[in-house]
Each structure stands twice: as C-alpha cells, then as structure tokens.
Amino acid sequence: SLARPELRARLTVPLSDRGVVRITGLGGLAHYDLRGPDPYFGDSLTAYETRLTVQGAYLLNADGFHLWREGERWSLMMGADGGSEFESGAFDEGLWGSVGIGLGFELPGRLQIAAGVSLEGTAHNGGLDVGPVGSFRWNVTDAFVVRNRGLGLQLEYRWSPRLELFTSGFRTTDRYALASSPCPVPVCAGPQNLDDLQLEDRMFLAGVGFEWKFSHSLRLAGEVGGVAWRKLRVRSDDLGTLVSRRGDPALYVEIRLELRP
C-alpha cells in the first residue's frame, strides 16, 4: 500500500501581451507498506520528492497571421525543471534535471495541442536522455472535454458551473534513489555495498472523480478507482534488475484541495 501526501504551489506571471511564465514548486513523500522476504522489500519504505518547474510561452502570431483558420494561435513553449526523488540519505543520488522546447497550437475554446522534445539528465547514471513531450485538450462541446493525462486519457463532463465529473485511464512511473545497501550474496560474490540502487514503481490506473468549485478561490476534487496493473523493481546501474515484484489489483483514493487568490 502507498500513502502519498503532496503540497504544490504555482505562480503565473504575465510578462507582456505575448509572453507568460509559470513557476511551480512541489514537495511530498511516499510511504510504502511492503510485503516480501527479500533484502529490499522489507516492512516499509519512505521516500521524498522535491521539484521546481519553470515554464514559459511566447505567442508567435499576435498580428493575426494564420495558416488554416482565422483566430488560431501558435506559441513557442520552453521549460526547465529539476529536483530529487530519494530515500533518506540519498538526496544527491536522486537529483535530476531536464529542459525542453516545443510548439503549441490553439483554436481558442476548442483545441489545444503542444509537441516538443526534452533533454533529461540524472545523477545516478550521469547520462542524458532525449525524448518527446506533448499534450492535448479537445473541447468536443461546451460541456464535454477530452484530454491527455500523462500517458493516458481523461474524459470530462461539466455537469453544472460548479460541478465537473471525469473518468480516466493512465500510466504512472515513479523512481526513487535508495540509500546504500549490502549486496546480497547470490548477486555479488563478496561483501560490498551498492550505492546506485533505484526503486521503480510503475502502475496503470483507471478511475472516476469530480471537482466541486465552492468559489473562485476554493475547489475540492476527489477520485476513486483501481490499480489494474503494478510492478515494483529495484535495479542497479551496474547490475541491472535485482528484485522485481508484481502487485495485486487494488483500490486507490485521491483527495485534492485547491486554493486560488
């Protein structure tokens, strides 16, 4: 089982009629209650997460230029973020950072698409990974919206001006740097400590939820669903996967409170 409280703060700063910057900070922890007679999955594990994200967008066609449809908007989008995901004592090993650039397209009130590329580096292996990034939001009607949710989809229905209902299916992957641990005898010939261990928790979730707008400044969201598939593994950069476990199907519940100025 997993309990995961988080606190997130976000600030949006307009720079001009064409540019905007958004800064997001996040802090949280993940407490695992674990079962399994092996050296890595004991009774419990607590890992921590810190993250700072800076994103910017610049409107490219403020003069009204369009390729397909009058009123369309094209934007240059850039971002940088970094942080650490770590067990106590492994903050440095959990450090990571990334930068990205992309192009955004919008038909106001109807469609938003963004696509680009990111470059990410991690402290635990010292390498750089290049990968695609993207998102979309399609307002099918004034009340019905289809958008991505990470590596998945979310369908939203606006029941009333105050109540929004949604259903989603998506995949998540969390990775945490682990503190140095003795290498088990079947893996290592002699006694030694491993200081490049990483816990990977990958899940596929599906659920339903709501968002209730008490006022402009206060919103409450709730979600309940099932973890349809789950795999946890401990790996080492030098030795590969040391332990791999499949999780049973399980229930998940999420509650979020949002305050806006």
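Is F91 buried, partly exposed or exposed? F91 is partly exposed, because its relative accessible area is 37% (buried means under 20%, exposed over 50%, and partly exposed in between, with a 1.4 Å probe and protein chains only). This is a predicted model, in which local features need pLDDT of at least 70, side-chain atom pairs count only at pLDDT 80 or more, and totals for chains, interfaces and linings use all residues. Residues are numbered from 1 along each chain as its sequence is written, and side-chain values use heavy atoms, with hydrogens and water left out.

**Overall build**

- The protein has 0 helices and 17 strands.
- Helices (H or I, at least four residues) and strands (E, at least two) are DSSP runs, numbered from the N terminus.
- Along the principal axes, the C-alpha atoms fill a box of roughly 70 × 35 × 30 Å.
- The protein has 261 residues, and 33% of them are buried.

**Aromatic rings**

- The whole structure contains 8 aromatic pairs.
- Rings of Phe, Tyr and Trp (its six-membered ring) pair if their centres lie within 6.5 Å. Planes under 30 degrees apart count as stacked, over 60 as edge-to-face and the rest as tilted.
- Y48 and F86 link distant parts of the chain. Y48 sits in strand β4 (residues 44-59) and F86 in strand β5, 38 residues apart.
- Y48 is partly exposed because its relative accessibility is 31%. F86 has a relative accessible area of 12%, so F86 is buried.
- F86 also pairs with F91, with ring centres 5.1 Å apart. Their planes are at 85 degrees, so this pair is edge-to-face.
- Together, Y48, F86 and F91 form one aromatic cluster.

**Salt bridges**

- Side chains of opposite charge can pair when their charged atoms come close.
- A salt bridge is a side-chain nitrogen of Lys or Arg within 4 Å of a carboxyl oxygen of Asp or Glu.
- The whole structure holds 17 salt bridges.
- R147 and E156 form one of them, at 2.6 Å from N to O. R147 is partly exposed, with a relative accessible area of 25%. E156 is buried because its value is 5%.
- E258 bridges to R260, with the closest N and O atoms 2.6 Å apart. R260 has a relative accessible area of 30%, so R260 is partly exposed.
- E6 bridges to R4, with the closest N and O atoms 3.3 Å apart. E6 is partly exposed at 40% relative accessibility. R4 is partly exposed at 31%.
- R4 and E6 also belong to a network of salt bridges, which links them with R8, E49, R51, E85 and D174.

**Surface patches**

- Patches are made of residues with over 30% relative accessible area and no salt bridge. Like charges are joined within 9 Å, and nonpolar side chains (Val, Leu, Ile, Met, Phe, Trp, Tyr) within 5 Å.
- Accessible areas come from the Shrake-Rupley method with a 1.4 Å probe; for residues, only the protein chains shown count as cover.
- One nonpolar patch is formed by M78, V99, I101, V117, L119, L128 and V130. Their accessible area together is about 640 Å².
- Strands β6, β7 (111-122) and β8 (128-139) are the elements that give two or more residues to this nonpolar patch.
- L128 lies in strand β8. L128 counts as exposed because its relative accessibility is 60%.
- D92, E93, D195 and D238 form a negative patch. Lys and Arg count as positive and Asp and Glu as negative; His and the chain ends are not counted. The place of a charge is taken as NZ of Lys, CZ of Arg, CG of Asp or CD of Glu.
- D92 is in the loop between β5 (73-87) and β6 (95-107). D92 has 53% relative accessibility, so D92 counts as exposed.

- I23 lies in strand β3 (residues 19-33).
- I23 is partly exposed, with a relative accessible area of 35%.
- I23 and T12 are 11 residues apart in sequence. In space, they are 6.5 Å apart, C-alpha to C-alpha.
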